[in-house]
Amino acid sequence: MKKIISIILCLALCVTVLASCRSRNADSGNTGTLKVAVLESAYGSEMWEKVCDEFEKVSGEVNVQLTADKNIEDVIGSQMKSGDYPDVVHLATGREAALTETMIKEGALTDLSDVLDMKVPGEEKKVSEKIIPGFTETLATNPYQNKKTYLAPMFYSPCGLFYNANLLREMGWELPTTWDEMWALGDKALSEGIYLFTYPTAGYFDAFIYSLLASSGGVGFYNDVMNYREGVWDTSEAKAVLDIVARLRDYTEPTTVANSTGDNYLKNQQLVLDGKAIFMPNGTWVVGEMADAPRTEGFEWGFTALPAIEDDRYSFTFFEQCWIPQEAKNKEAAREFVAFLYSDKAAEIFAQYGAVQPIMDMTDKLSGENKLFYSVYENGAKAVMGGFAATEAVEGVSIYNTLFESVNSIITGDKTVEQWRNEIISVSDKLRNNLK
Amino acid sequence: MRISKSFLFWCVAPAFLLFLVFMIYPTISVFVMSLYKWGGYSAAKTFVGLNNFRTLIEDTRFIGSFRNSVILLVIVSVITLILALWCANVLTHEKIKAKSLFRVIFYIPNILSAVVIAAIFSAIYDPSRGLANSVLGLMGIEPVMWLGNRGIVIYSIAIAMIWQATGYYMVMYMSSMSAVPYSLYEAADIEGASGTSKFFSITLPLIWTNVRTTLTFFIISSINISFLLVRAMTGGGPDGASEVFLSYMYEQSYTNSSYGYGMAIGVVVFVFSFALSALVNIATRRDIVEL
């Protein structure tokens, strides 16, 4: 008898072990449920809860299951590996886990071109009539250059140089509009013991270098670089960009590189608030990020596009993206949801939390510092958008590491401009052969 | 008492099943996935044979991360071993007040999480206000960019790892040192042996089995802890200068969408740590001294 009981107990243990391995994908067939996964960024997740509630009211039957997390890749990544995909994902490119990039590289996104032609639920206008022209014609939305939109443009933020407007005013220094004026200001500032430049991490050089490329050779040249055109890094326009970054070495606050790794980047941002460095490349989120940080008396955020290399000044527009996985179960409701994100109701909710969508006339509704930041394009700067064209994943090769992370070695003097350029050319050659 | 074989089988089955599911299956999966080109999330997998391993041989960043891992493995293991043995010997055999207090103080770093250790050392290495540069400043030495200098950063991480590990191994050595009979030391004293010769002729041979075991721990923990500290302190920077095995594996698997390639790195790490442990085990084999 004892033996039988022991065997039954052991069997029960085995069954428990096996049962714990059972798939959690039990309710994926429910067409009335829309699974929405969003990154909980600096804007918070409350706005998403409100938007989902509003969508449920408009759609009638759909029940939205919202998952919001600061590390959303960790939450949905393992589920996706086991075949359980969300229906809508709001997650930008440029994250360390690179989930969005991986989905692009693997061709695992749904074509959203027809969403642009859909009427916004509850409104008369089409989605395409509401989005600011140009936002759905970039490599960040149409990664395969086939005129099809796979990623919907969401919250955008102009990127450029942030500084202490009060410091410039007090010192009687003019805001530089060309790089010659920038270097002259750098010399003046150095004589006062203030450094011209700092940067949070080398990763922030993406928007910086994109703007410089456009300023150096125009948007056509910028697109050539983004598409890895052969010989593009041999041109004088590209050389001018690399030379400017290399010259920044003489004007960069000396502790910048040491604090640009890991979680110490806030110390570099603090240099601007402390009046130890004038400019840093950043996005509008820096204001919220440093809201509680101490600062010099009278500190006032200033924001400007990058100084011009040739005639035009550019400010890179960073925007987040929303997409539907190819494997999504409820694609119809997902399309409706993405269209709804551009409704007046949703835009109003997002704007309350500081998240600005590329919807026409949205900037008129902004106030305070946001008004200053988003008016950069009205003050003469041109917009440049998108990023590098999608390629197959090439093992051990990354244009981001080679082009942006190398800036740390340029600033410390461990790498020459020529070495840097040769590495960029080598990586571009490899990626060109793997363009999607 | 006679226990039937089937009863034993059913008793062992649950644990064995867990071992299969969580140890054997993932390990085999890593080997299988290393033969594929795969982003990690979609169903698109392409069999590429040993291509990932061929790419690895020419990947300079992987070679750099391999070099850094080996540097950390050697430096951290050797210095920690020496420091832990010395501290254990002093605390066991010397007459010091508040021995227990010292033992606790030395052990504390081991119970801190890697993130806390990273935060502590980030503060120590702060270029303008950090403890390290303040001390150097007192001696009239220019500030050092501990985490910003490509040539120094890996040694800065090694210091943090040594600080973290010494107490743990010290306690392990102390436990075996305290088992060595005191009469041996008394006999040595009568013979006029010095402290050094007592350590090398009595203590070390008698705790050698313990030391050998910890050498394997050194290999495994160096690889794991270096990843955690690098992630939290430098993110592999500046410009990849502090990249180690596992941080590079993470970067390739996720950031570079090359999951299959990342698994190939995993296979190399697995084989390397396994082979090194075996090598160390063979090289340190001695006749066991027992009393």
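Visitor: Which stretches does the domain assignment of chain A give to domain 1, and which to domain 2?

Guide: Domain 1 of chain A is 33–150 + 324–359, and domain 2 is 158–316 + 389–432; bounds like these come from an automatic or database domain assignment. A word on the ground rules: residues count from 1 along each chain as its sequence is written, while chains are lettered from A and ligands numbered from 1 in the order in which they are written. This is a predicted model, so local features need pLDDT of at least 70 and side-chain atom pairs count only at pLDDT 80 or more, whereas totals for chains, interfaces and linings use all residues.

Back to those two domains. Their C-alpha centres lie 30 Å apart. Seven residues from domain 1 and nine residues from domain 2 make up the contact between them, where a contact means that C-beta atoms, placed from the backbone, lie within 7 Å. On the domain 1 side, the residues that touch domain 2 split into five nonpolar, one polar and one charged (nonpolar: Ala, Val, Leu, Ile, Met, Phe, Trp, Tyr, Cys and Pro; charged: Asp, Glu, Lys and Arg; polar: the others, Gly among them).

The largest nonpolar core has 187 residues, and F337(A), V338(A), I157(B), M161(B) and L229(B) have the most contacts inside it. Such a core is a set of buried Ala, Val, Leu, Ile, Met, Phe, Trp, Tyr and Cys residues joined through C-beta atoms within 7 Å. Buried, in turn, means that 20 or more other C-beta atoms, again placed from the backbone, lie within 10 Å of a residue's own. Helix α7(B), residues 153–177, gives the largest share of this core, 13 residues. Domain 1 and domain 2 of chain A both give residues to this core, so it lies between them.

Helices here are DSSP runs of H or I with at least four residues, strands are E runs of at least two, and both are numbered from the N terminus.

On the chain B side, I157(B) is worth a stop. Leaving aside neighbours within four places in sequence, I157(B) is in contact with L72(B), S226(B), L229(B), V230(B), M233(B) and S242(B).

Zoom out to the interface between the chains: it takes 41 residues from chain B and 41 residues from chain A. The chain B elements that give two or more residues to it are α1 (5–33), α2 (51–58), α3 (60–93), α10 (208–233) and α11 (245–255), and α1(B) gives the largest share, eight residues. By type, the chain B side divides into 20 nonpolar, 17 polar and four charged.

As for the chains themselves, chain A has 19 helices and nine strands, and 48% of its 436 residues are buried. Chain B has 12 helices and two strands, with 36% of its 291 residues buried.

How far to trust it? The model scores ipTM 0.86 and pTM 0.86. For chain B, mean pLDDT is 91 and 98% of residues reach 70 or more, pLDDT being the predictor's confidence in each residue, from 0 to 100.

Conventions
Two residues are in contact if their C-beta atoms, placed from the backbone, lie within 7 Å. A residue is buried if 20 or more other C-beta atoms lie within 10 Å of its own, exposed if 12 or fewer, and partly exposed in between; C-beta atoms are placed from the backbone.
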